[in-house]
Amino acid sequence: MNNLVDLDAPASPALATPPRASRAYVLPLIVFVIFALVPLSVLWGSQSFILALVTRIMILALAAMSLDLLIGYGAMISFGHAAYVGLGAYSVAILSSHGITDGFIQLAVTLGVSLIFALFTGAISLRTKGVYFIMITLAFGQMLFFLGTSLAAYGGDDGLTLASRSMFFGSKFLKNDVAMYYVAFGVLLGAYLLLRAIVASRFGRVLRGIRENPVRMEAIGFAPYRYQLTAYVIAGMIAGVSGFLLANQTEFVSPAYTAWQRSGDLIFVLVLGGLGSLHGAIIGAAVFSLLADILSHYTENWALIFGPILILVVLYARGGITGLFGSKS
C-alpha cells in the first residue's frame with residue numbers, strides 16, 4: 001500500500017508547472033471580464049436584446065457548470081438535469097402566484113426543494129450505473145415534466161406568467177435589466193469559484209478518483225456512493241438557482257424547462273465547451289446560444305446545421321473549445 005498517493009499531500013513542484021497553472025486562470029479571467037463589460041454596450045446605444053441574450057447565456061452556463069460537476073468530474077451522465085432548472089423556476093412562479101414575491105423566501109424554497117428532490121432521486125439513481133443511471137435520471141426528469149403539464153392551476157401546458165420579478169429588501173430592482181444582468185453575473189461568478197474550490201479540494205480529488213476507478217477508491221477506504229450523492233445534491237441545488245434566475249429573467253415558466261431536450265442541450269454545451277472544464281461550460285453555453293440565435297434567423301430547423309458542427313468538434317477538438325487553448329479548470 002506504500003505506492004498509494006496521499007490525497008491530502010500537496011502537488012509536487014515538478015508536476016505543477018507555473019506556465020500551465022497560469023494558463024488555467026487566463027481564459028476564465030478573460031471570459032468574466034467580457035461578461036462584466038457587456039452592459040457598457042447599452043450605454044453606447046446598442047439594443048437591450050444584447051443584455052437579455054447574454055443574461056440567458058450566463059443562466060445556461062450556470063446550469064451547465066453544475067452538470068459538469070457530475071459528468072466531467074464524476075462520470076455521472078444525468079439526462080434529467082433540467083428537472084432542477086424547472087424546480088427552481090416553478091418555485092418562483094408558484095410562490096409569486098400566491099403573492100409571495102420576497103426573493104429570499106423564493107430562493108430558500110428553491111434550494112430546499114432542489115435538495116430534497118436531489119437526495120431522493122440521487123439515492124435511487126446512484127444504485128445503478130452506466131446506461132441504467134442515464135435512463136433512470138431521464139425517467140425522473142420526465143416525471144416532473146408531466147407533473148408540470150398536469151398543473152392546470154399553474155398554467156399546465158401553457159405555462160405561467162409571473163406577476164413581477166422577485167423583490168429583495170422590499171425593492172423591485174430586478175425590474176431593471178442591467179441589475180438583473182449583474183445579479184446573474186454575480187451568481188455565475190460565485191458558483192464558478194465555489195465549484196472550482198470543490199474540484200480542487202480533497203473532495204474533488206476523491207470524486208475524480210472514483211470516476212477513474214471506483215473499486216480501487218473503495219478498497220483504500222473511501223465510500224463512492226456518499227461522495228457521488230453529495231456531488232449530485234450540490235449540482236442539483238446550483239441548477240435550481242439557475243431556474244430561479246431564468247424565471248425572473250423571462251418572467252415566465254413552462255413545463256418545457258424540464259423536458260429531456262433541455263437536459264440534452266446542457267450535455268451539448270459541455271461537449272462543445274469541453275468536459276471537465278468549468279469555464280468550458282461557460283464558453284460552450286455562449287457558443288451554443290449564439291449559434292442557436294444566429295441559425296434560427298435563417299431556418300427553424302437550425303439543429304440540422306448545429307448537429308454537424310457538434311460532430312466536427314467531437315472529431316477534431318476532443319477537449320472541446322477549451323481543448324484548443326490547452327486550458328483546463
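**Figure 1. Gln142 and its contacts.** Gln142 touches Thr258, Ala259 and Trp260, leaving aside residues up to four places away in sequence; contact means heavy atoms within 4.5 Å. Gln142 sits in helix H6. Helices (H or I, at least four residues) and strands (E, at least two) are DSSP runs, numbered from the N terminus. The Gln142 side chain reaches the backbone nitrogen of Trp260 at 3.3 Å. That pair falls under the polar contact rule: N or O atoms within 3.5 Å, where within protein one must be able to donate a hydrogen and the other to accept it, and residues adjacent in sequence count only if both atoms are side-chain atoms. The model is predicted: local features need pLDDT of at least 70, side-chain atom pairs count only at pLDDT 80 or more, and totals for chains, interfaces and linings use all residues. Residues are numbered from 1 along each chain as its sequence is written, and side-chain values use heavy atoms, with hydrogens and water left out.

**Figure 2. His81 in the loop between H3 and H4.** His81 lies in the loop between H3 and H4. His81 counts as buried because its relative accessibility is 1%. Buried means under 20% relative accessible area, exposed over 50%, and partly exposed in between (1.4 Å probe, protein chains only). Not counting residues up to four places away in sequence, His81 touches Ala63, Ser66, Leu67, Leu70, Ala235, Gly236, Ala239, Ser263 and Leu266.

**Figure 3. The largest cavity.** H6 has the largest share, three residues. By class, the lining has five nonpolar, five polar and no charged residues. Ala, Val, Leu, Ile, Met, Phe, Trp, Tyr, Cys and Pro count as nonpolar, Asp, Glu, Lys and Arg as charged, and the others, Gly among them, as polar. The largest cavity holds about 30 Å³ of space. The count is one cavity of 30 Å³ or more. On a 1 Å grid over the protein atoms alone, a cavity is a set of points where a 1.4 Å probe fits but cannot get out, and a pocket is an open set with protein on both sides within 12 Å along at least five of seven lines; lining residues have an atom within 4 Å of a point. Grid points are joined across faces, edges and corners, and a volume is the space filled by probe spheres set on the points.

**Figure 4. The second largest pocket.** This pocket has a volume of about 660 Å³. Its lining takes in 24 residues, with Leu60, Arg262, Asp265, Phe288 and Ser289 nearest the centre. Elements giving two or more residues include helix H3 (49-74), helix H10 (224-250) and helix H12 (278-295). H3 gives the most, five residues. The lining divides into 15 nonpolar, five polar and four charged residues.

Figure 5. Helix H5 (residues 103-125) has 23 residues. From first C-alpha to last, H5 reaches 31 Å, close to the 33 Å expected at 1.5 Å a residue; the expected span is 1.5 Å times one less than the number of residues. Asp102 caps the N-terminal end, with a side-chain oxygen 2.9 Å from the backbone nitrogen of Phe104. Buried residues of H5 include Gly103, Thr110, Phe117 and Ser125. The buried residues of H5 pack against H4, H6 and H10.
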